[in-house]
Amino acid sequence: MKLEFLSAPLAQLSTPILVVYSFEDAAAASGTVERLPADVRALLGELQTNRELTGKSFECTLLHRPAGLAAQRLLVVGAGKKQKFNDAQLRRVAGAAVRYLRGRGLHELTWVLESDDARLESVQAVVEGAILADYDADRYRTEREAERRIDRLGLATGDAAPSEAARAGLERGRIIAEAQNFVRDLVNEPSNCMTPTILAEQAAAMAKRFGLDCQILGPDEIRELKMGAFWGVAQGSEEPPRLIVVRYTPADAPPAPVIGLVGKGITFDTGGISIKPSENMHEMKTDMAGGAMMLGVMQAIAQLKPRVRVIAVVPATENMLSGNAYKPGDVLTSMSGKTIEILNTDAEGRLVLADALTYAQQLGCTVLIDAATLTGAVMIALGHITTGVFGSSQEWVDRVLKSAAEAGEKMWQMPVDDDYREQYKSLIADLANTGGRYGGAITAAMFVGEFAGNTPWVHLDIAGTRWSNDEKPFLAKGPTGAPLRTLVQLLLSHAGGE
Ligand code: BES
Ligand code: MN
Ligand code: ZN
């Protein structure tokens, strides 16, 4: 999608489609509709009176040859209630416009910005919304939606030239949304096309392209490092595991903090010997969404250049069942030395994360953030809408929550509390790898946290939010790439950027 600013009086812009939004409850037309010349506004006023145009969220009204405009068409998108409007809603409204126009075989649009000097965040939101909406999970279809892609997005400032802030917003939005779509591509791949080896190759290719340092460890190194928990999961698969390490070390960053981003990279989760029911098992190709998302964050920050050191660690393996597979009752010795009794081989995510967290500390990380499709229980609690946040450091949890609000991604803090520790005690080892049905997302999170040592740690359970089960007006069904924007925002707000 080509992105460019257009500076001219709005009435004189000759474009196939000019896009404005209007609010629901305002007596007169309001929103960017107000920026249009009076004769078009009068026409829209008539439609409002007839209730043909209501301003309800994502309602799309397309007018041809609008009076007083050089544009061939005018699209008015509903933006909902004015009091509820914010940049998160703006992102969605822009997305809804893109998906509406794509559906009609239109490939070019000009978006009217909020004012002559639009804020950075608002330009960013529009660009993100447009690029995220212009995506379909259709790589393997012979008739692809891709033929409908939007080729050009113009951003109309009005009479004035775009400000520095507006230019920065465009760049930021493009980089972040492209990184999020990269994550969606990785997550969408079926497991026969996204093995641990292929995920590692993708990480290495991304790192090379964006000038990051990348190291890939294989089975021998994983065993040599005594990653007994990671290896326990990996040993049952014919596909060799990979430990992916990507480093971002800007010269102008202070030595601390070093932020460790640890992402679960199970390229397929059968459940192992504690095999899953077959009904929705195909969804387990997405069990590497946490790892993919961390790689996307690295792609974004490599371009946005915040002054903070970051290391991504992604333990990648399948969780299979075979003659070599680990079994319920087995005891594994993790890299930290802690022993783990396996009560359920389907609780594999916490095992690979355990060793990855120990390794991240060994690499010098002073803050740990992990993201994982860890539990079905978090989906029961929060559905597909909200990511569960857990952590040992309220300061860092608060930073994550604040960044999530700024990035328009929903998160909710869940408790960690020593009283739950009883649930994952083992009779014969230091820990058991399950804590029972009740509070399953909490005991899973706390198990992972046991391997963060004294390092401040935040855990994001994205089992629900990795995937959108239904088609939204502004977003295709399928992988979401969430919560990439939150983590990018966290790193930018921590240390600035270009
Ligand atoms: N990958 C799953 C969790 C999951 C479920 C992610 C549904 C996305 C959608 C995880 O490895 C798992 O199997 N968790 C078990 C843990 C249980 C055995 C303690 C679960 O949630 O049932
Ligand atoms: Mn599992
Ligand atoms: Zn899993």
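This is a predicted model: local features need pLDDT of at least 70, side-chain atom pairs count only at pLDDT 80 or more; totals for chains, interfaces and linings use all residues.

Student: Where are they in the chain, and what angle do their axes make?

Tutor: H8 covers residues 289–304 and H13 covers residues 484–495. Their axes cross at roughly 40 degrees and come within 9 Å. Angles under 35 degrees would count as roughly parallel, so H8 and H13 are oblique to each other.

Student: Which residues meet there?

Tutor: On the H8 side you have Met293, Met294, Gly296, Val297, Ala300, Ile301 and Leu304. On the H13 side they meet Leu484, Leu487, Val488, Leu491 and Leu492. Sorted by class, that contact has eleven nonpolar residues, one polar and no charged ones.

Student: What about H9 and H12, how do their axes sit?

Tutor: H9 (residues 349–362) and H12 (residues 440–449) have axes that come within 8 Å and cross at roughly 30 degrees. With the cut-off for roughly parallel at under 35 degrees, H9 and H12 are therefore roughly parallel to each other. Their crossing is right-handed.

Student: Changing topic: how many disulfides does the structure hold?

Tutor: Zero disulfides. Take Cys365, which is in no disulfide: the nearest cysteine sulfur belongs to Cys214 and is 15 Å away.

Student: Is Cys365 buried or exposed?

Tutor: Cys365 counts as buried, because its relative accessibility is 5% and the cut-off for buried is under 20%. Cys193, at 25% relative accessibility, counts as partly exposed.

Student: Where is Ser22, and what does it touch?

Tutor: Ser22 is found in strand S2, residues 17–22. Leaving out residues up to four places away in sequence, Ser22 touches Ser30, Val33, Leu53, Gly55, Val76, Val77, Gly78, Ala79 and Gly80. Ser22 is buried, with a relative accessible area of 2%.

Student: Now the backbone. Which residues does a cis peptide bond join?

Tutor: One cis peptide bond joins Ala256 and Pro257, with omega about 0 degrees. Another cis peptide bond joins Ala482 and Pro483, where omega is about -10 degrees.

Student: Where do those prolines lie?

Tutor: Pro257 is in the loop between strand S8 (242–248) and strand S9 (258–263).

Student: Last one: which residues have a positive phi without being glycine?

Tutor: Among them are Phe58, with a phi of about 75 degrees, and Arg65, with a phi near 45 degrees. Phe58 is found in the loop between helix H1 (38–49) and strand S3 (60–64). Arg65 is in the loop between S3 and strand S4 (73–78).

Student: Is Arg65 buried or exposed?

Tutor: Arg65 is exposed, with a relative accessible area of 66%.

Terms used: Residues are numbered from 1 along each chain as its sequence is written. Chains are lettered from A and ligands numbered from 1 in the order in which they are written. Side-chain values use heavy atoms; hydrogens and water are left out. Axes are lines fitted to C-alpha atoms, for helices over the stretch in contact, and angles run from 0 to 180 degrees between N-to-C directions. Helices (H or I, at least four residues) and strands (E, at least two) are DSSP runs, numbered from the N terminus. Angles under 35 degrees count as roughly parallel, over 145 as roughly antiparallel, 65 to 115 as roughly perpendicular and the rest as oblique. Contact means heavy atoms within 4.5 Å. Ala, Val, Leu, Ile, Met, Phe, Trp, Tyr, Cys and Pro count as nonpolar, Asp, Glu, Lys and Arg as charged, and the others, Gly among them, as polar. A disulfide is a pair of cysteine sulfur atoms within 2.5 Å. Buried means under 20% relative accessible area, exposed over 50%, partly exposed in between (1.4 Å probe, protein chains only). A crossing is left-handed if the near helix is turned anticlockwise from the far one by less than a right angle, and right-handed if clockwise.
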